[in-house]
Amino acid sequence: SNNSFGGPAEDAFRRDLTINALFYEIEESTIIDYVGGLADLRNGIVKIVGEPDTRITRDPARIMRVIRHAARTGFEIEQATWDSVKKNMDKLSVCPTSRIRDEFFKDLKGGACAKWVPLAVESGLFVTLVPFYTDILKLKNDVEKKELIERLVGIFSVIDRLNSGGAPVPEQLIFALLLTPWAEETLSLMEATTLKDAYDISRNARTLLAPTFTNLNIKRGMQDSIARCLATLPILINHDRDNKGKGWPKWLRKKSYFDDGLQL
């Protein structure tokens, strides 16, 4: 009883984005707009409520929500909001790791990740969240960088289709798919032909990714599952190719990693 929430106008100005700060008045069937959200909705604009630098400094996770809503709606990010997103990207480091992880998986599982990827790369959010791609993107020329982005867009188009179609992809497989282009270049993933090769790749992946997994608050069990999925992918691909689709041997079907590996 001693909590004060304020009125609708105060509530509207606490919202992240103008298009999310609209109220519906039931009795009169009207929209109440304190922040210009209706105009932004009509014009296809994603805009932070208030002064962008101040609002992002108070809650840096707003950076992620700006890009998420632009990807989901196809709206254009207002210039001052976009400039502030890029300028304040380093402030995400002050957010609790569990919160960043939850926000990140909302992006990966929300059905619009294929559209999210180019925005995340251009803004700097992508390498902030998954810094293991930093060197790869830096070393590529414009054509190679475009090809990598298109590859990631293709991967996440499949994830979006499955997640939107009622067959959600498990988190460990989403992350393994995100990592596949990186593993191909960094760990020579597709050159693995034996179980020993797979073991070495799994071990190296866990070592190289440990800092990122820690920053994203990904638990040890999921870390192991992600690394194992990646490492066994070429084994399954090569076996299927060499046996011309005749089926999987019993010893392979009994492996704990088989179901996830096959789905991957």
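These legends go with a set of close-up views of one predicted model.

View 1. Cys113 takes part in none, and the nearest cysteine sulfur, in Cys229, sits 18 Å away. Seen from the other end, Cys229 has its closest cysteine sulfur in Cys113, and 18 Å is too far for a bond, because a disulfide needs the two sulfur atoms within 2.5 Å. Both side chains are tucked away: Cys113 is buried with a relative accessible area of 0%, and Cys229 counts as buried at 2%.

View 2. The largest cavity holds about 40 Å³ of space, and its lining is made up of Arg68, Ala71, Arg72, Lys106, Asp107, Gly110, Ala112, Cys113 and Trp116. H4, helix H6 (97–109) and H7 are the elements that put two or more residues into this lining. H4 gives the most, with 3 residues.

**View 3. Helix H5 and its buried side.** Helix H5 covers residues 79–87, and Thr81, Trp82, Ser84 and Val85 are its buried residues. They span an arc of only 165° around the axis, so they end up on the same side of H5. What do the buried residues of H5 pack against? Their partners are strand S3 (45–46), helix H3 (52–58), helix H4 (62–73), strand S4 (76–77) and helix H7 (113–123). Two of these partners, H4 and H7, also turn up among the elements giving two or more residues to the lining of the largest cavity.

View 4. Pro60 belongs to the loop between H3 and H4. Is Pro60 buried or exposed? Its relative accessible area is 4%, so Pro60 is buried. Leaving aside residues up to four places away in sequence, Pro60 touches Lys91, Leu92, Val94 and Cys95. For Leu92, the C-alpha to C-alpha separation from Pro60 is 5.3 Å, although the two are 32 residues apart along the chain.

View 5. The largest pocket contains about 230 Å³ of space. It has 13 lining residues, and those closest to the pocket centre are Leu92, Ser93, Ile100, Thr128 and Asn215. H6, helix H8 (125–129) and helix H12 (195–215) each bring at least two residues to the lining of the largest pocket. Sorted by class, that lining comes out as 7 nonpolar, 5 polar and 1 charged residues.

**View 6. The second largest pocket and its lining.** About 160 Å³ of space lies in the second largest pocket. Its lining consists of Ile155, Val158, Leu162, Val169, Leu173, Leu177, Thr180, Leu233, Gln263 and Leu264. Helix H10 (142–164) and helix H11 (171–186) each contribute at least two residues to it. Which classes make up the lining of the second largest pocket? It has 8 nonpolar and 2 polar residues, with no charged ones.

**View 7. Ser225 in helix H13.** Ser225 sits in helix H13, which runs over residues 220–242. With a relative accessible area of 12%, Ser225 is buried. Apart from residues up to four places away in sequence, Ser225 touches Gln172 and Asp260.

**View 8. Positive phi at Ser29 and Asn217.** Neither residue is a glycine, but each has a positive phi: about 55° for Ser29 and about 55° for Asn217. Ser29 is in the loop joining strand S1 (22–25) and strand S2 (30–33), while Asn217 lies in the loop between H12 and H13. For Asn217, a relative accessibility of 25% counts as partly exposed.

Methods. Residues numbered from 1 in each chain as written. Predicted model: local features only at pLDDT ≥ 70, side-chain atom pairs only at ≥ 80, totals over all residues. Heavy atoms only, no water. Buried < 20%, exposed > 50% of the residue type's maximum accessible area, 1.4 Å probe, protein only. Helix = DSSP H or I, 4+ residues; strand = E, 2+ residues; numbered from the N terminus. Contact = heavy atoms within 4.5 Å. Arc of directions from axis to C-beta. 1 Å grid on protein atoms, 1.4 Å probe; cavity = no way out; pocket = protein on both sides within 12 Å on 5 of 7 lines; lining within 4 Å. Points joined across faces, edges and corners; volume = space filled by probe spheres on them. Nonpolar A, V, L, I, M, F, W, Y, C, P; charged D, E, K, R; others polar.
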